[in-house]
Amino acid sequence: MQATTHMKRRSDGRISIKSGNEVQLIMQLTILILTVLTVLAFLFFDYTGLDIQRAIQETAYNLKVMFLEPALSHFGWGEAIYQVGITLGLAFLSTILGAVLSFFLALSAATNLTNEWITKIVRIFLAFIRAVPTVLWVLIFAIAAGLGSEAAVLGMLFHSIAYLVKAFSEAFEEVDKGIIEALRATGAGWWHIVVHAILPSTFTYLMSWTFLRFEINFAVAVAMGAAAGAGGIGFELFMASSFYFDLREVGMITYMILVLAIILEVISTLLKNRYFPASIKN
Amino acid sequence: MNENRIRYKKNQQMIIVVLLLALVTYLSSVLTDFNILHGLATLPEAFIWIFSNLVVTEESLERMPTILDKLVETILMSIAATTTATILSLFLGVMGSKSVGTSKLLGILARFIASLSRNIPVVAWALILLLSFGQNSLTGYLALFVGSVGFLTRAFIEVIDESSQSAVEALQATGATYIQIIMKAVIPECLPQIISWILFMIETNIRNATLVGILTGTGIGYTFDLYYKTLNYHGVALVTVSIVVAVILIELLSNHVRKVIL
Amino acid sequence: MSLLTVQQLGKSYNNQNKVLQNVNFEVDAGEFISIIGPSGAGKSTLLRCINRMVDIDEGAVIFDGADVGTLNKKELRKLRTDIGMVFQHYNLVPRLSVIENVLHGRFGYKTTLQGVMGRFTEEEKERAFFLLEKLGIVEHAYKRCDQLSGGQQQRVGIARALIQEPKIVLCDEPIASLDPNASKIIMDHLKSITMELGITCIVNLHQVEVARDYSDRIIGLRQGQVVFDDVSHRLTLERTDVIYGTKTKPVPVVRELATV
């Protein structure tokens, strides 16, 4: 039969049905390596002082207390709302400052607006910024600039910029070439083009991305409050669990964060569906 | 005329939005006691401090073996959390997807679990787990695991719903079972995207692991915290540099994989 | 006894507009039948009622002695292995190899685990290669399906249907997305399935010419009702007009046609 000449056989003589191309190979290799590393991880974990059965039982009990009997005991509702306000404020400040700075950086990172090597330098710079975890930025700034909201906002600013510059510059790159050329033909300067062509045609888009980052920054601000002493509701969460061991309060604070996070997520989803084509959903 | 009016209206809207943002910025500054000018003014000073103090010295290099040990532990923890979360998320993703999900009720349940584990911050999970699991790797692993499940489930639902699922109908018509269809048509079709998200999650988790480590006293985060609290800035610098190198290496590697498979 | 009997079949979506009503016909083993009609006439739905890809609302479909509407899950799975299906958009898994896609047709015969593990016997694989050879695409066996042209992908779809060893193949607009050349190749292959392998074929088409050239019998569908059911050469121009409503004719003529 002629068909046999096209068959590929495996070493054991059975007919192979896999295409065996590079893509398949790399995917299989990736999965294999990750599986091996996972097994290694569980072998090398440090299990000091762990009694798994007791731990699971206790966690189940803790979760029950947290979520079924939430209550505030070390501070009142007024204070709670104030602390949430601080967290939102930190998130907002780092987002809005990040957005303004990103706007200018993105102008220099967009390939259709500047030359190649500036784009490259900006991209390398951003890759470095992203590689340092936010909490390290905040803690480093806390010693370098003195503790306080400045350190928190500046620390959170870095990742916001890395995120927004990428989004903004991609938005700028999608601006119709014709508009830019038409303005250039009339002798308009670079700033003129930015203000009259780039900004109006991307404004709602930029705003949507900024809001998406605000959603992320809210969670980051909570984390910075807990891990880097940046204040706000995250710090209260840390105090309630690690200082007072008050599970009910931990539960109530978690609920507050959860509700806000879900509200922000719903708004983000609405914005995404409205302003973004399906291909670039985050 | 008309065009001018539209442009005028659009400009007006932009101005209103900008003014509103300025107002909220001002309120936030007051609330958090943040001074933008002061904040920006300290930047140069801060950077001078960073460049003169956060330097890797020969003496601090002696600590490299300990740091590397912790770094490897953190990376392994992040990978294990991601891969195990992937397994659960694939189930939830299939359950929650509109195109191949079985029932509405299970779909809602899957989305609910994902939303809960995603929107309760990782720090909260870390703190809760710390109470009973104590100061060991498993605490950090579990905190990252829970967060990853939420994030990956949402990503997988989107991947499945956006990829072409026309083969599902064809396989139903051949008499294939549901599980066969999922494993042999849906998953293979989405695999490159799924792997891409897994790699992204590993990168994210390594950064998050530092945060979780500071809270739970495990991994590289704990090492950083120790040097930080004892004002050993050369140690701080070395830990930071090693994290940066690790993250960038992993990012380069996964970008390479992505380039081939996508 | 005929292979397939459709009795008083009725179907509606959302309990509102009837997509099919009062459809009656019989199909004998070895027939090549085209179903024609304007888009929205219910051709696709009719085809999918036969293997119960959509549920049957009224009437019955009897296939090979089994009442399709009353089968349980397991019996339905068994039934579907006897019915191959070919789609307008081929409905392959684009990232998988041609040979893998063809072997997907064997899942109905396997346990879930065998299917998931990809355990295919050597005979099945050889049969797959044989079919690809027959269809003239054996040299592409290890290529990914998304690297193939439309006509080639449709042949993969046909191979997947044939490896089921079906008694009947249902084709839903198999050439609607293809150019004339590829269309001819596909129709020739479908015809030879019936001629050489003796497998019954029901093909939804919207090209009247193609239907008349290839099929033994044509069923005309309009607004969910059968308005023509006869051997191909009796399909005259006027009757085509009735099916497609291209000329406004009073309803009585339709009745008259139906009783021919």
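In this predicted model, chain C holds an open sheet of 6 strands, arranged in the order β6-β7-β8-β3-β9-β10, and the pairing within that sheet is mixed. The edges are taken by β6 (83-86) and β10 (225-231) of chain C, and because each of them has a single partner strand, one side of each is left without a neighbour in the sheet. From one strand to the next, the twist averages 15°.

**Strand pairing at β10(C)**

- Strand β9 of chain C, which covers residues 217-222, pairs with β10(C) in the antiparallel sense, and the pairing extends over 6 bridges.
- Within β10(C), C:Asp230 is the residue that stands opposite C:Ile218.

**Helix packing on the sheet**

- Helix α6 of chain C, made up of residues 150-162, packs on the sheet, where it touches both β6 and β7 (168-172) of chain C.

**Contact between chains C and B**

- The contact draws 23 residues from chain C and 19 residues from chain B.
- On the side of chain C that touches chain B, the elements giving two or more residues are α2 (73-81) and α4 (112-117) of chain C.
- Of these elements, α2(C) gives the most to that side, with 4 residues.
- By residue class, the side of chain C that touches chain B comprises 9 nonpolar, 10 polar and 4 charged residues.

Note on methods. Residues numbered from 1 in each chain as written. Chains lettered and ligands numbered in written order. Predicted model: local features only at pLDDT ≥ 70, side-chain atom pairs only at ≥ 80, totals over all residues. Pairing = 2+ DSSP bridges. Axes fitted to C-alpha atoms, helices over the stretch in contact; angles between N-to-C directions. Contact = placed C-beta atoms within 7 Å. Nonpolar A, V, L, I, M, F, W, Y, C, P; charged D, E, K, R; others polar.
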